[in-house]
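Subject: Structure for you to look at

Hello,

Here is the structure I said I would send. Please open it before reading on; my notes follow below.

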Amino acid sequence: AYMHTYPDAHPVVAFEDVRVPAANLIGGEGDGLAFTYEWFRYERLMIAARCCGAAERLIDEATAFAKGRVQFDHPIFEFQAIQHSLALAAEEIAACTAITDLALACAVHEGISAARMAALLDAAAVVADHAVDVVYDICHQVHGAIGFTREYALHRHSLDLLRWRDDLLLLRGGELRAAER
């Protein structure tokens, strides 16, 4: 499993007095930073896609829990408030998935300008960030406090989701909310 070990930023690696044969260069000499920035654009897409998948796992866990948890002789899934909450989470996932799919389709299209592509990839990241906020909150509300315990898969999926959101926020230059640290 991948996990960050640095406290607040991606490390900077610089080499001095290193010779690389021209045949082994990726891009032109001195273009490494431009190559990195281009890669970060696609990293936003990968993070958005992982967040969509994680949000889907969260709602699957919350739905299964709601179908199995019985209160007042009925599964809580039958209660309108729970159904409404899960429907709201599903709407967020649909929006996240739609813009992520659009960004992916445009990323493989040759005629899109770099500026338009960057804007679309950023939009996918922002929508994914918002969607996971909503889905995370809803799924934990459906579970109640028990969702934070290790015996429920929701706990592990939530940790994955928060790590990926951490990556996204670092790419955007943001900070995690104090409650998520």
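Leaving aside its neighbours within four places in sequence, which residues is His-155 in contact with? They are Gly-147, Phe-148, Thr-149 and Arg-150. His-155 itself sits in helix H4. Its relative accessibility is 18%, and it therefore counts as buried, the cut-off being under 20%. Keep in mind that this is a predicted model.

Overall layout

The protein has four helices and two strands, in the order α-β-β-α-α-α along the sequence. Of its 181 residues, 35% are buried. The accessible surface is about 11,500 Å², with 58% of that belonging to carbon and sulfur atoms. If we take contacts between residues at least 6 apart in sequence, 70% of them join residues at least 24 apart.

The core

The largest nonpolar core consists of 37 residues. Within this core, Leu-58, Val-135, Cys-139 and Val-142 have the most contacts. At least two core residues come from each of helix H1 (32-68), helix H2 (80-107), helix H3 (114-143) and helix H4 (153-172). H3 contributes the most, at 13 residues. As general background, nonpolar side chains tend to be buried together in soluble globular proteins.

Not counting residues up to four places away in sequence, Cys-139 touches Leu-58, Ile-59, Ala-62 and Leu-154.

Helix H3

H3 has 30 residues, which at 1.5 Å a residue should span 44 Å. After H3 comes Gly-144, which has a positive phi, near 75°.

Confidence

The mean pLDDT of the protein is 80, and 82% of the residues reach 70 or more.

Regards

Methods
Residues numbered from 1 in each chain as written. Heavy atoms only, no water. Core = buried A, V, L, I, M, F, W, Y, C linked by side-chain atoms within 4.5 Å. Buried < 20%, exposed > 50% of the residue type's maximum accessible area, 1.4 Å probe, protein only. Contact = heavy atoms within 4.5 Å. Areas by Shrake-Rupley, 256 points an atom, 1.4 Å probe, with all protein chains shown as cover. Expected span 1.5 Å × (residues − 1). pLDDT = per-residue confidence, 0-100.
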